[in-house]
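Please read it beside the structure.

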Amino acid sequence: MSRLTVVVPCYNVGDYLDWSLGSLEAQTVADFDVVCVNDGSTDDTRERLAAWEVRDPRIRVVDKPNGGLSSARNAGIRAARTDYVCFLDSDDRFHPMACERIVELLDRTGADVLTFGATCYPTEAGYPWLIGALSPRDVIYDAFTMDILLKEASRPFAWRTACRTAFLAEKNIWFEEGLRFGEDQVFDFAIYPRASRTVLSSEKLYDYRVVREGSLMSSVRDDFGVKMREHVKILDAILRDWDEAGLLSRYAEDMVAFCLDFALYDAIKLGEEDYRSVAVPLRELMGRYWSVEEVERMELAPATRRMALEACYRMSVTPAGRRRLVLQYYGQQHGRKALLRRLVTGKE
């Protein structure tokens, strides 16, 4: 009996399917299921999936109207009939031992959640932040700590995470639908706090195609104004979920700092109009959960406190003050040497 279901969301990826599904055909074990969710494709994706369904009896195709990546992944989770479920984006590929190692690691550790490493494709497309984010260390957490989310290389890619299927059902965890992008961040903030045991593995089991031209991420990667406004929407989903779960009161200071780092730090580098287009909705969002008086009482690092009060809640910082705040925050987060290097080179 199969132990693992690989969910493959598919939308207009006909040119990539053979490369992606071929990596499943090349796995070192044969005993796993594949659910390919055709999310209303308008190219030849459905025809290629039909051919693969005939070629490989492990593949099941689920057809649905176009609803986006989260909707497709959720349909795949609903169709899973195995102990474990993981995700493969249809323009990426698994390393040959991925399915074998996912099952072995989850069986051996008894974890609800496993997050593993990945490599960049092509290799030369990798860059320091991405390579670091795809390189978790080997560690087991038997209880939740904010370190999993804020200090480990655990985010923001759901395709290098596998979960116990019953865990997702018991905790009623689904991908957030309706976001333009960033559903992986919301998913990560949902699974880790609810998991009884989380395992991070340094094993590189996945090839991530860094940018596919025409993909959603390629369309927003260079527009920080658009990206940060979408980040506020992602935070809305995370904070709403954490509030309902009773987590916000326990981790208020960490989450205030995360909101500012995630949505405002890059926005304060922008021009006045773009900055305000992010800061105003972020202030409204954070104000639902923490008043300015509550934030004033929090033990926040100096630059974080200034960003919260002057650049978000009161929006009293001048453009020149925002530039100084960028440097102060960078030095706070990365250290004096890194700040000096940035001042000399102009690069982060």
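Helix α11 (residues 252–264) packs on helix α14 (residues 302–313) at an angle of about 65 degrees, with the axes 10 Å apart. The model is predicted: local features need pLDDT of at least 70, side-chain atom pairs count only at pLDDT 80 or more, and totals for chains, interfaces and linings use all residues. Residues are numbered from 1 along each chain as its sequence is written, and side-chain values use heavy atoms, with hydrogens and water left out.

**α11 and α14**
- The angle makes α11 roughly perpendicular to α14 (65 to 115 degrees; axes are lines fitted to C-alpha atoms over the stretch in contact, and angles run from 0 to 180 degrees between N-to-C directions).
- α11 passes α14 in a left-handed crossing (the near helix is turned anticlockwise from the far one by less than a right angle).
- On α11, A257, L260 and L264 make the contact; on α14, T304, M307, A308, A311 and C312 do (contact means heavy atoms within 4.5 Å).
- Seven residues of this contact are nonpolar, one is polar and none is charged (Ala, Val, Leu, Ile, Met, Phe, Trp, Tyr, Cys and Pro count as nonpolar, Asp, Glu, Lys and Arg as charged, the others as polar).
- Helices here are DSSP runs of H or I with at least four residues, and strands are runs of E with at least two, numbered from the N terminus.

**α10 and α11**
- Helix α10 (residues 224–244) and α11 pack at about 160 degrees, and their axes lie 9 Å apart.
- That makes α10 roughly antiparallel to α11 (over 145 degrees).
- Their crossing is right-handed.
- M228, H231, V232, I234, L235, I238, L239 and W242 of α10 meet M255, F258, C259, F262 and A263 of α11.
- Twelve residues of this contact are nonpolar, one is polar and none is charged.

**Nonpolar cores**
- The largest nonpolar core has 76 residues, of which W242, M255, L264 and W290 touch the most other members (a core joins buried Ala, Val, Leu, Ile, Met, Phe, Trp, Tyr and Cys through side-chain atoms within 4.5 Å).
- α11 gives the most to this core, with nine residues.
- Beyond its neighbours within four places in sequence, W290 contacts L239, L248, A252, M255, V256, C259, V295, M298 and Y313.
- Apart from this core lies another, of 41 residues, including C10, C36, V61 and A98.

**T198**
- T198 sits in strand β9 (residues 198–209).
- At 2% relative accessibility, T198 counts as buried (under 20% relative accessible area, 1.4 Å probe, protein chains only).
- Leaving aside neighbours within four places in sequence, T198 contacts V113, V139, I140, Y141, I148 and Y192.

Methods
Angles under 35 degrees count as roughly parallel, over 145 as roughly antiparallel, 65 to 115 as roughly perpendicular and the rest as oblique. Buried means under 20% relative accessible area, exposed over 50%, partly exposed in between (1.4 Å probe, protein chains only).
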